[in-house]
Amino acid sequence: MSRAIRWLMPHPLLTLILAVVWVLLQNDVTAGMVVFGIILGILIPWGTSIWWPDTPQGFRMGKMVSYSVIVIWDIIVANIQVAWIVLTVPNSKLKPEWIVVPLELKQPEAITMLAGTITLTPGTVSADLSDEGHSLLVHVLHTDDPDGARDEIKSRYERRLLEIFA
Amino acid sequence: MMLETVATYAAGISLLIGSGFVLVGVIGLLKFNDPMTRLHAPTKVGTIGIGMLLLASMLSALAAGDPSIHELLIMAFLFVTAPVSAHFIAKVNIHRQDCVTPPSPPRDDTWSTLKSPDAEPDPK
């Protein structure tokens with residue numbers, strides 16, 4: 001039975017996301033649309049599963065929800081900080097800085113999520129990955145303490161992502 | 001009646017906050033003089049500015065008695081695509097050497113943008 005479900009739904013989360021996106025696209029929550037969304041959610045991952053060889057193992061949904069809340073809160077707080085920097089700090093006093101974040105994450109999905117989080121959080125943009133994927137290059141708009149900024153990224157986001165993709 | 005009034009006012013306030021953040025983003029884009037710092041301004045607008053404008057859209061649809069959830073999807077697509085474009089603009093900046101050369105990574109040879117396809121090691 002579980003093998004049948006696994007064959008039918010190689011990526012259960014993708015199935016769920018596709019169904020939700022379909023319902024949102026219709027802008028109308030009716031039983032028919034939900035059923036059709038689930039059908040699409042089963043057919044699309046099944047048809048494209050050949051391009052998705054590795055399902056991320058051990059993805060923790062509960063931790064992901066609390067991570068999302070923290071990230072959204074950080075986006076709001078940091079937006080105000082960056083707006084303040086844009087309006088008050090003159091160009092000559094701005095201290096942009098490259099920082100290098102050594103990565104403990106191994107999975108490409110997790111690194112993508114960390115890079116996306118860093119870019120969405122105002123004041124930092126992830127610029128590049130090293131050739132072997134062991135470090136992430138981040139550009140900071142204005143900082144007096146590059147090491148502190150690096151440690152904050154590591155302790156605040158990477159540590160949580162390590163738990164999510166355990 | 002009461003709910004509609006509250007939703008209309010809330011939509012107005014979100015519009016003001018959202019457009020304020022978009023304005024700050026544009027000021028940043030015009031003010032900064034280095035390609036990398038200039039990149040910071042639009043990525044910020046994409047998150048809170050557009051988010052508040054979409055929230056206003058949802059609230060006014062609610063006030064009009066025709067709830068809409070399309071905006072959540074716009075937000076989700078924006079959150080997924082904005083970092084990718086910012087990442088590529090940053091890579092172009094590094095490649096064209098329009099910015100301060102980044103420090104070399106501690107463990108690996110070089111950054112993937114600077115890696116040449118030839119076997120010879122990078123001159124840096």
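**Exercise 1. Work out the pattern of secondary structure along chain B, then describe the chain's overall dimensions.**

Step 1. Read along the sequence, and chain B gives you α-α-α. That's three helices and zero strands. Here helices (H or I, at least four residues) and strands (E, at least two) are DSSP runs, numbered from the N terminus.

Step 2. Before going on, note that this is a predicted model, where local features need pLDDT of at least 70 and side-chain atom pairs count only at pLDDT 80 or more, while totals for chains, interfaces and linings use all residues. As for labels, residues are numbered from 1 along each chain as its sequence is written, and chains are lettered from A and ligands numbered from 1 in the order in which they are written.

Step 3. Now the dimensions: the C-alpha trace of chain B spans about 70 × 30 × 20 Å along its principal axes. Its radius of gyration is 21 Å, whereas a compact globule of 124 residues would have one near 14 Å. (The radius is taken over C-alpha atoms, and the globule rule is 2.2 Å times the number of residues to the power 0.38.)

Step 4. Finish with burial: 31% of the 124 residues in chain B are buried. A residue is buried if 20 or more other C-beta atoms lie within 10 Å of its own, exposed if 12 or fewer, and partly exposed in between, with C-beta atoms placed from the backbone.

**Exercise 2. Explain why β2(A) counts as largely enclosed, and describe how it pairs.**

Step 1. Check burial: six of the six residues of β2(A) are buried, so the strand is largely enclosed by the rest of the structure.

Step 2. Look for its partner. β2(A) and β3(A) run antiparallel, joined by five bridges; strands pair if DSSP finds at least two bridges between them. One spot to look at is A:T124, which stands opposite A:V140 in β3(A).

**Exercise 3. Describe the side of chain A that touches chain B.**

Step 1. Count both sides: the contact takes 36 residues from chain A and 43 from chain B. Two residues are in contact if their C-beta atoms, placed from the backbone, lie within 7 Å.

Step 2. See where chain A's residues come from. Elements giving two or more include α2 (12-26), α5 (108-120) and β1 (97-102). The largest share, seven residues, comes from α4(A).

Step 3. Sort this side of chain A by type: 22 nonpolar, 11 polar and three charged. Ala, Val, Leu, Ile, Met, Phe, Trp, Tyr, Cys and Pro count as nonpolar, Asp, Glu, Lys and Arg as charged, and the others, Gly among them, as polar.
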